[in-house]
Amino acid sequence: MLQLPIKDVISKIQTETGLSEPEIRQQIVNKMTALEGLVSEDGAAYIVASELGVQLFKDTRSGAIKVKDIVSGMQAIETVGKVVRTFSPNTFTGKDGKPKQVGSFILADETAEIRTVIWDQRAGWLTDGRLKEGLVVKIKDAYSKQNNLGGKELHLGYKSSLILEPKNVTVDVVARTGVSKKKIAELAPGETGSVLGEVVQVFTPKFYPVCPQCGKKVTLDAAGATCATHKSVTQQQAMILNFVLDDTTETLRCVAFRDRAEQLVGLTAIETQEILAKDGPDRLQERIDEFLLGKTIEVSGRVNRNEEYDRTEMIVNQVNVSPDPKVIAKELLNSGKA
Ligand SMILES: [Zn+2]
């Protein structure tokens, strides 16, 4: 089946990834070991090439598309972009009882940006520093789907490739956030915007059970947790954080879910629950206030009318807990505060 001699496979990997020959040979040996001798050296080389996104044979597909052209429900997506923000991965126990990780980052090119979801070993790259902000990446064989907020997301499955720093590729990115910067007083229900403001109040986080695979809320009964899509699952706890932002024009009630809530409190949902169980809600509140209260942050999302509580609130889609000081200074000048 394999038509290329191993030395040609290695040289192709070398050209496309910039890895050295010893590094590639080591990866091939590692792959053979990992597969417990079930593959030959040639077979392992082929797998390594595929995992690194190196196309050994001519690609018949149309090639890379721009981020703005990605719509929900596409398959075999190839795109190139820059990582403009990363989020810490979540760990949970998979159906097979083994630990699994899911993480995400924001991918941007000159046309748009998109939230991109990665799993397991690749999600680990977010913590070990291999996948970091500013890095150009090439993605192949990804698929897109709609997220909870009605937006689109890019997903990398086991067949997808994520190539870090492909050779001879540069990427310009759209202005951060992709949504217009607004003052709180200008935000009307139904609008999407990005605002910079000071956190003036934080409420104690709440938790709800979600599916570890898609992050959607699960229903609980005597038999356990059920996801509408993934059926019987081991539930994971997701965090919700309510807080109030003030930009001097007005205050804005914000609601952040999951990884965005985790970023805001500087703790994972699991860590937060541990503190809650061990030290109680008052100590947790103190710790969160200490971390977040008085901080100037940037949030973007959609503003909705919450009829139940008769208030306007932003469902936070993206959060930046340490915006560029230059951006803060500019905003302050614009508002006449500095
Ligand atoms: Zn699910």
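Student: What makes the charged end of arginine 130 sit over the ring of tryptophan 125?

Tutor: In this predicted model, the charged end of arginine 130 is 4.2 Å from the ring centre of tryptophan 125. A charge sits over a ring if NZ of Lys or CZ of Arg is within 6 Å of the ring centre and within 35 degrees of the ring normal. Lysine 295 is described in this way too, lying over the face of phenylalanine 291 at 3.9 Å from the ring centre. Residues are numbered from 1 along each chain as its sequence is written. Local features need pLDDT of at least 70 and side-chain atom pairs count only at pLDDT 80 or more, while totals for chains, interfaces and linings use all residues, and side-chain values use heavy atoms, without hydrogens and water.

Student: How many aromatic pairs does the structure hold, and why is the pair of tyrosine 208 and phenylalanine 257 called edge-to-face?

Tutor: The structure holds 1 aromatic pair. The ring centres of tyrosine 208 and phenylalanine 257 are 6.2 Å apart and their planes stand at 90°, so the pair is edge-to-face. Rings of Phe, Tyr and Trp (its six-membered ring) pair if their centres lie within 6.5 Å, with planes under 30 degrees apart counting as stacked, over 60 as edge-to-face and the rest as tilted. Tyrosine 208 belongs to strand S8 (residues 206-210) and phenylalanine 257 to strand S13 (residues 251-257), so the pair ties together parts that are 49 residues apart in sequence. Helices (H or I, at least four residues) and strands (E, at least two) are DSSP runs, numbered from the N terminus.

Student: How do you know whether tyrosine 208 is buried or exposed?

Tutor: Its relative accessible area is 13%, so tyrosine 208 is buried. Buried means under 20% relative accessible area, exposed over 50%, and partly exposed in between (1.4 Å probe, protein chains only). Phenylalanine 257, at 26%, is therefore partly exposed.

Student: Why are H1 and H3 called roughly parallel?

Tutor: The axes of helix H1 (residues 6-17) and H3 come within 10 Å and cross at roughly 20°. Angles under 35 degrees count as roughly parallel, over 145 as roughly antiparallel, 65 to 115 as roughly perpendicular and the rest as oblique. H1 and H3 are therefore roughly parallel to each other. The axes are lines fitted to C-alpha atoms, for helices over the stretch in contact, and angles run from 0 to 180 degrees between N-to-C directions. Ile6, Val9 and Ile13 in H1 meet Glu41, Asp42, Ala45, Val48 and Ala49 in H3, where contact means heavy atoms within 4.5 Å.

Student: What makes the phi of aspartate 120 worth a remark?

Tutor: Most residues other than glycine have a negative phi. Aspartate 120 is not a glycine, yet its phi is positive, at about 45°. This residue is found in helix H4 and, at 31% relative accessibility, counts as partly exposed. Arg122, Ala123, Gly124, Trp125 and Leu126, also in H4 (residues 120-128), are buried. Just after H4, glycine 129 takes a positive phi of about 90°.

Student: How do you know whether asparagine 168 counts as buried or exposed?

Tutor: At 82% relative accessibility, asparagine 168 counts as exposed. Asparagine 168 lies in the loop between S6 and strand S7 (192-202), and its phi is positive, near 55°. Valine 173 is found in the loop between S6 and S7, and at 36% relative accessibility it counts as partly exposed.
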